[in-house]
Amino acid sequence: MRVPLSWLREYVDLPATETGRDVQEKLISVGLEVETVEQLGADLKGPLVVGQVLTIEELEGFKKPIRFCTVDVGRANGTGEPQEIVCGARNFSVGDKVVVVLPGAVLPGGFAISARKTYGRTSHGMICSSDELGMGDDGSKGIIVLPPEHEVGTDAVELLQLVDEVLDIAVTPDRGYCLSMRGVARETAIAYGLPLRDPALLDVPAPNAYGYPVQVADPFGCDRFTARTVSGLDPEAHSPIWLRRRLQKAGMRPISLAVDVTNYVMLELGQPLHAYDRARVRGAIGVRRAEQGEQLTTLDGVSRTLDAGDLVITDDGGPIGLAGVMGGAHTEIDDTEGTTTDVVIEAAHFDAISVARTARRHKLSSEASRRFERGVDPQAASAAAQRTVDLLVLLAGGTADAGVTEVIAPSAPRTIAVPADHPDRVAGVAYGRGTVVRRLQEIGCDVYGQDELIVTVPSWRPDLTDPNDLAEEVIRLEGYENLPSTLPKPPAGRGLTGRQRLHRRIGRALAGAGYVEALSYPFLGEQVFDRLGLAADDPVRRVVKLVNPLSDEEPALRTTLLPGLLGALRRNDGRGSHDLALFETGLVFHPREEPRAAVRLPVDRRPTDEEIASLTEALPVQPRHAAVVLAGAREQAGWWGGGRPADWADAVEAARTVAREAGTDLIVRKGQYGPWHPGRCAELAVVAAGAERVVGYAGELHPGVLKTFGLPARTCAMELDLDALEEASAGLVKSPRISSFPVATQDVALVVDRSVPHADVEAALREGAGELLESIRLFDVYESAAQLGEGRKSLAYALRFRAPDRTLTVDEASAARDAAVALAGERTGAALRA
């Protein structure tokens with residue numbers, strides 16, 4: 001919201017010495033985000049005056065049209081003689097009043113004006129356009145042509161209000177009332193302790209039966225509709241300079257008188273309005289939900305297919321506008337033809353959620369929708385309509401019709417019961433009842449009661465819904481800077497939880513293994529599951545959807561870390577980084593089987609354990625996962641060797657690294673799931689509470705997935721459920737005990753069927769070897785039908801035996817090896833390779 005300081009002074013008697021910076025500081029102190037203060041005309045220096053064109057001579061022989069003009073500037077040039085000026089614009093004629101800058105002046109941007117010879121003539125100044133004066137877009141091209149009533153020689157700096165200060169305020173969603181001069185003026189008056197001249201306090205005639213007919217079929221979507229009619233407008237009337245300049249300073253482009261007036265009143269009171277050409281409206285105006293598939297061409301010239309959830313304004317011919325968003329082209333006031341003499345003014349109040357959804361659905365954000373989405377004062381509709389009528393009568397010579405239409409759905413004022421000391425307990429500061437009552441009354445509340453206050457919330461503050469909102473108002477107006485700085489005192493012994501320590505250990509381990517952490521947003525679109533090749537009934541497809549997502553393309557919370565990591569890998573690969581190893585640890589979100597409503601926690605005390613537990617049960621299930629993605633070279637080539645590319649084994653090793661940090665034995669076996677290559681996918685499992693549980697997958701991604709995501713060939717990935725690993729762990733990871741006795745190594749080569757997983761053979765060897773076994777490592781896999789037989793393979797293992805208290809003999813090591821081989825043969829059919 002851009003707020004010209006000169007306009008703001010109309011509603012609050014600010015001290016004459018107060019600058020825009022001073023006002024900025026005051027508004028920031030009451031909680032508004034004033035981002036900048038723009039100094040309009042700060043580097044402008046006169047003389048800049050009104051002149052009248054006396055003669056125009058067309059100069060020939062140049063590549064573009066050039067005109068040599070004489071302009072009457074009165075006594076502004078010190079002589080009273082006509083000023084000779086060369087100009088290339090062609091939108092003015094002899095007799096027109098224009099803005100002339102004379103030699104010695106400086107225009108915005110430090111552009112100094114002096115007499116200079118150009119196109120064979122000497123130009124003593126310039127005839128100015130709005131761009132050259134820093135006025136912004138005024139909707140016209142070329143020279144500023146002023147109304148004829150302005151006298152020659154008048155100071156144009158004051159006439160065009162070129163010197164001003166404009167505050168640019170970033171209005172947060174809960175302060176929609178500040179998208180108006182009325183709202184900002186109220187906050188300014190409170191900040192300075194000055195009275196407010198409320199522009200909405202107007203004498204408004206009572207509704208009667210003679211107004212334009214209006215039928216509201218959806219009172220929930222539109223709880224108030226005011227219609228007024230103005231007849232006999234002068235179609236040739238134009239917006240006065242003061243009105244155009246205020247719109248420009250506020251960041252809006254002047255268009256036509258009727259449109260400018262509605263925009264002006266919207267900026268002034270915060271109530272969006274719309275003016276219809278009465279001759280183009282057929283029958284009564286209606287408000288209803290659109291029929292699915294109805295068509296409407298909006299003012300931007302786009303033909304839109306309506307949704308059944310859209311709230312529309314209609315006449316007997318169908319939709320004529322998207323309620324609260326944009327009007328229709330059919331009933332537009334067309335000043336190019338100059339035929340509009342009667343207008344119908346709409347000032348209505350629409351449901352904020354309905355307007356927001358319609359604006360998003362059609363990707364059509366407007367000044368009106370921005371205000372309705374944040375909450376508009378429903379009580380201001382009739383005042384805004386009256387203000388619009390008054391301005392049209394004043395500026396266009398119209399006549400206000402006696403008919404006044406108001407359709408109002410019954411509603412009661414919103415009241416909130418709050419203890420008088422509630423703000424004190426929230427802030428930890430003793431404000432006292434008097435201060436609380438005074439501050440609430442300043443924002444427009446009616447307050448009754450002593451120890452228990454009954455507060456009636458003003459109509460322009462839909463964000464005030466409970467006692468904590470009222471407490472926030474008291475605290476911000478008393479000054480956040482006045483709150484004492486008190487550090488919390490946690491009880492002794494409170495440190496990181498086991499889950500947090502595991503998270504940190506895993507991050508350090510993966511970083512030490514050469515992976516780079518990549519953090520991504522926890523949002524996704526459901527179409528990504530198809531790209532990952534997940535089955536239609538896969539539980540990962542069940543998502544938690546956000547009511548108000550940051551992006552309509554990603555409205556759900558993630559159930560897997562892979563989309564974010566794969567997106568990061570694709571972006572980095574596209575920017576020239578081809579050797580990549582990325583990891584992420586974070587939460588994923590799964591909906592509960594039986595959703596529950598969340599409780600609202602108090603802010604004046606610590607929530608009880610029961611309240612926290614109830615809130616936790618209402619939240620989605622949020623396990624923590626770890627995932628990695630790899631592409632390109634895993635080991636770089638150089639003088640030391642040829643290097644090697646990343647492959648599925650690196651993804652499996654990353655899973656083993658994570659499992660080691662969790663103190664869990666990971667079962668790795670052949671698997672098949674979603675995005676992974678069927679022949680290069682490992683299923684990862686753990687044993688928890690006596691039962692085996694799959695906790696993730698690792699391996700090379702499917703070529704189809706690589707194609708849909710635009711990833712490099714042979715990209716690999718791994719994802720694990722860290723919470724499941726933690727549940728399967730034996731607690732704290734024990735440090736290894738270093739034995740001073742030597743190790744005894746025994747190698748065995750076992751022949752098994754090709755279908756037997758290596759993990760089953762290893763598990764049998766480990767169990768059969770007993771407690772003397774220190775480690776086991778698969779170091780060779782060999783397949784040869786000629787030597788081993790059809791469908792057979794050889795697995796070679798290195799078994800390391802060590803005793804903590806003695807040196808093992810050959811017989812002890814051999815006996816442990818034989819026991820291991822025997823159990824493997826019994827369980828898997830393994831036989832020693834000859």
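Contact here means heavy atoms within 4.5 Å. The model is predicted, so local features were taken at pLDDT of at least 70 and side-chain atom pairs only at pLDDT 80 or more, while totals for chains, interfaces and linings use all residues. Residues are numbered from 1 along each chain as its sequence is written, and side-chain values rest on heavy atoms, with hydrogens and water left out.

Start with Arg371, which sits in helix H8 (residues 367-374); helices (H or I, at least four residues) and strands (E, at least two) are DSSP runs numbered from the N terminus. Arg371 is buried, at a relative accessible area of 1%, where buried means under 20%, exposed over 50% and partly exposed in between (1.4 Å probe, protein chains only). Leaving out residues up to four places away in sequence, Arg371 touches Met1, Leu179, Met266, Leu267, Gly270, Pro272 and Val376. Its side chain also makes a 2.7 Å polar contact with that of Glu367; such a contact is a pair of N or O atoms within 3.5 Å, and within protein one must be able to donate a hydrogen and the other to accept it, with residues adjacent in sequence counted only if both atoms are side-chain atoms.

Pro272 turns up again around Glu346, whose contacts beyond four places in sequence also include Phe225, Thr226 and Ile313. Glu346 belongs to strand E23 (residues 343-350). A polar contact of 2.4 Å links its side chain to that of Tyr276.

Next comes the stretch around strand E4 (residues 66-72). Of its 7 residues, 6 are buried, so E4 is largely enclosed by the rest of the structure. Strands count as paired if DSSP finds at least two bridges between them. Strand E3 (residues 48-59) runs antiparallel to E4, with 7 bridges joining them, and Ile56 stands opposite Cys69.

The antiparallel pairing of E39 (residues 744-753) with E42 comes down to 2 bridges, and Val751 lies opposite Ala831.
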